[in-house]
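Here's a walk through the fold, one piece at a time. Keep the viewer open and follow along.

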Amino acid sequence: MQKPHLELSQLGISFPTPKGPFVALQNVNLDIAKGEFISLIGHSGCGKSTVLNLVAGLLQASAGGVILNQKEVNAPGPERAVVFQNHSLLPWLSVYQNVELAVKQVFRGQKNKSEMRDWIEHNLALVQMSHARDKRPAEISGGMKQRVGIARALAMQPQVLLMDEPFGALDALTRAHLQDSLMEIQARLNNTVIMITHDVDEAVLLSDRIVMMTNGPAATIGEILQIELPRPRNRIALADCATYNHYRHQVLSFLYEKQRKVEVLPKADAAKSPVKPAAKAPAKAPVKLAAEEKRA
Amino acid sequence: MSAIPTQWSRVQSYLPGQQQLTRWLKQSLLSAAGIAVFVLLWQLLASQITTSLGSFPGPMQVAQQWSGLVAEHKAEKAREAAFFQRQLERNTATLAANSEAVVSVRPYNGRPTFFSQIFTSLYTVLTGFVLASMLAIPAGIVIGLSPRLYSAFNPLIQLFKPVSPLAWLPLVTILVSALYQSEQPLFARSFLVSVFTVTLCSLWPTLLNTIVGVSNISPDLQNVSRVLQLNWLTHVRRIVLPSAVPMIFTGLRLSLGIAWMVLIAAEMLAQNPGLGKFVWDEFQNGSSDSLSRICVAVLVIGLIGYALDRLMLQLQQRVNWDKSAQLR
Ligand SMILES: Nc1ncnc2c1ncn2[C@@H]1O[C@H](COP(=O)(O)OP(=O)(O)O)[C@@H](O)[C@H]1O
Ligand SMILES: [Mg+2]
């Protein structure tokens with residue numbers, strides 16, 4: 001049998017806290033093939049970012065490990081590029097210089113000056129940001145910043161692209177735009193991607209597999225949903241597609257039936273209407289809540 | 001048809017807006033009013049106070065003394081020019097008579113005027129300040145990057161930060177005399193004493209602010225650096241320094257303010273050349289003009305302090321990447 005490209009094996013981590021160690025993740029097992037697009041979905045605080053940071057090498061596992069091409073990784077490196085939730089561009093550098101910093105670092109000694117320039121410009125063109133190459137991050141919109149963040153990650157020519165809620169802070173229209181761009185790029189470059197999202201539609205639209213996580217503490221993988229929709233996928237065509245809606249339904253039912261998160265309410269509210277929130281809440285509301293919590 | 005209004009609005013967008021203009025006007029008027037009230041009160045109160053040196057000088061006497069100091073300075077400059085002229089003529093005459101003769105070129109040892117004291121003070125404060133910055137910024141970066149070094153040095157910093165310049169001065173004086181003994185000194189000892197006192201006192205704000213700026217780099221940017229595997233030097237140059245620049249400049253501005261205040265005090269106390277000595281000499285002199293002259297010095301010291309701060313602000317605006325930052 002062929003060895004997986006990226007393997008999370010018995011992965012677990014506990015954080016030291018004043019009240020003793022807090023086991024955030026336990027027994028996370030996942031094999032990812034080359035070129036696969038994986039979404040991680042789960043309630044806020046379940047440990048999605050922790051999984052991603054473990055793969056990135058930004059956190060150290062307390063149990064198990066991450067294996068990339070049969071080699072264990074436990075330090076960060078540019079072959080596992082990260083697109084951060086809040087873009088994390090250096091505010092004092094222009095769009096071009098931000099990508100340049102990464103390219104210079106990764107391709108030092110491999111590319112000469114003009115090759116580097118071409119490569120930076122190629123990646124900016126890929127995310128349609130060539131027109132703003134000399135702008136500072138403060139001068140461009142949130143969606144544009146996220147595009148540059150993606151360009152910076154792609155320019156490292158990573159084996160694995162890690163994205164932590166990359167479009168979480170964007171409005172719906174911009175998000176749809178970027179999702180389409182990402183699908184196009186992914187089709188062209190065939191990157192291996194792990195993306196965290198709290199948006200069910202996004203997960204179904206983009207992924208080959210959706211990994212659904214149980215609530216913490218000691219969170220782990222609850223279910224894995226294989227998305228067998230033909231590519232290229234079109235969001236408008238899929239809106240009426242029965243299979244698509246079936247997948248959506250499965251994710252929703254996992255999140256709001258099997259792993260329903262009991263929202264902790266302020267005491268006064270809870271006393272007045274102890275049943276109301278859970279019974280009345282429409283399927284999508286808790287997702288939004290979770291998202292806003294994250295942003296706050 | 002529609003081209004004209006569009007162009008007009010474009011022109012308008014280059015001009016300062018109506019609102020901005022009125023706001024600026026209002027502010028200048030208020031400042032002028034504040035100064036006018038101050039001068040008026042000064043005039044009224046000054047005539048009420050009689051001191052051992054006559055009545056306390058009002059704005060008019062102080063203005064007169066200012067012209068007096070300017071005249072004194074011009075006269076001194078003329079004497080200096082005349083001295084060198086005479087020396088040159090004497091030397092050429094000697095050489096004309098005997099081309100083998102050894103002629104001496106002596107420096108002019110005139111009395112320092114108010115303006116030469118200003119120059120001395122400025123030169124001293126800038127030397128001390130640059131020295132302090134050159135020590136504080138690198139030290140701040142190294143300490144700020146390492147929580148261990150921070151724990152080790154923080155008590156010392158907190159201990160030395162509040163020490164008054166008056167306490168440092170005797171120690172610095174004795175240390176400079178003990179350690180700086182050269183036959184042909186490059187710098188006067190008094191200059192070094194002033195400089196080191198300024199350095200010791202103005203070091204702390206820059207040091208502390210650099211430490212805070214460096215240790216508060218956003219964790220996301222640190223993660224970017226880690227993913228890129230930047231080495232230590234690149235990390236410091238490309239990530240740490242730029243993100244700490246706003247804090248470093250806040251520190252530098254505080255330091256420069258302190259440096260200027262400390263210098264005047266040190267010059268008064270140690271009788272080192274500079275504006276502080278000018279004030280002290282006038283105080284000791286006790287003539288009827290002395291109080292007015294001290295008032296002139298006080299105003300000039302304030303103005304220079306203000307100008308130095310504006311200068312730092314200009315520099316900060318130029319260097320700071322965060323152009324939207326409110327600087328005041
Ligand atoms: N450095 C840390 N120290 C202590 N607890 C942490 C730390 N990082 C994360 N956690 C905890 O681990 C859990 C998972 O966090 P996270 O991975 O950020 O969740 P998610 O990204 O799914 O919202 C949370 O309960 C969080 O409080
Ligand atoms: Mg997260």
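## The four-stranded sheet

Start with an open sheet in chain A: 4 strands in the order β2-β1-β4-β5, with antiparallel pairing. β2 (20-32) and β5 (71-73) of chain A sit at the edges with a single partner strand each, so one side of each is left without a neighbour in the sheet. On average, neighbouring strands here are turned by 40° against each other, direction ignored. Some ground rules for what you're looking at: this is a predicted model, where local features need pLDDT of at least 70 and side-chain atom pairs count only at pLDDT 80 or more, while totals for chains, interfaces and linings use all residues. Residues are numbered from 1 along each chain as its sequence is written, chains are lettered from A and ligands numbered from 1 in the order in which they are written, and side-chain values use heavy atoms, with hydrogens and water left out.

Helices (H or I, at least four residues) and strands (E, at least two) are DSSP runs, numbered from the N terminus. Two strands pair if DSSP finds at least two bridges between them. Axes are lines fitted to C-alpha atoms, for helices over the stretch in contact, and angles run from 0 to 180 degrees between N-to-C directions.

## Strand by strand

Strand β1 (residues 6-17) of chain A pairs with β2(A) over 9 bridges, in the antiparallel sense, and S14(A) stands opposite V23(A) in β2(A). β1(A) is also joined to β4(A) by 5 bridges, again antiparallel; there, G12(A) has A63(A) as its bridge partner. β4(A) and β5(A) pair over 3 bridges, antiparallel, with V66(A) partnered by V73(A). Their hairpin has 2 residues between the strands, and N69(A) in it takes a positive phi near 50°.

Helix α1 (residues 48-56) of chain A packs on a sheet, touching β1, β2, β4 (63-68) and β5 of chain A (contact means heavy atoms within 4.5 Å). The direction of α1 makes about 115° with that of β1(A).

## The six-stranded sheet

Chain A has an open sheet of 6 strands as well, ordered β6-β7-β8-β3-β9-β10, with mixed pairing. Its edge strands are β6 (80-83) and β10 (221-226), each pairing on one side only. Neighbouring strands are turned by 20° against each other on average, direction ignored. Strand β9 (residues 209-213) of chain A runs antiparallel to β10(A), joined by 5 bridges, and V211(A) stands opposite I224(A).

Most residues other than glycine have a negative phi, and most peptide bonds are trans. H87(A), in the loop between β6 and α2 of chain A, has a positive phi near 60°. The peptide bond from R231(A) to P232(A) is cis, with omega near -5°; P232(A) is found in the loop between β10 and α7 (235-239) of chain A.

## Where chain B comes in

How many residues of chain A are in contact with chain B? The count is 22 residues of chain A, against 14 residues of chain B. The area buried between the chains is about 1,800 Å², with carbon and sulfur atoms giving 67% (buried area is the accessible area, with a 1.4 Å probe, that two parts lose on being put together, summed over both). In chain A, W92(A), L101(A) and Q105(A) lose the most area to chain B, together 34% of what that side buries.
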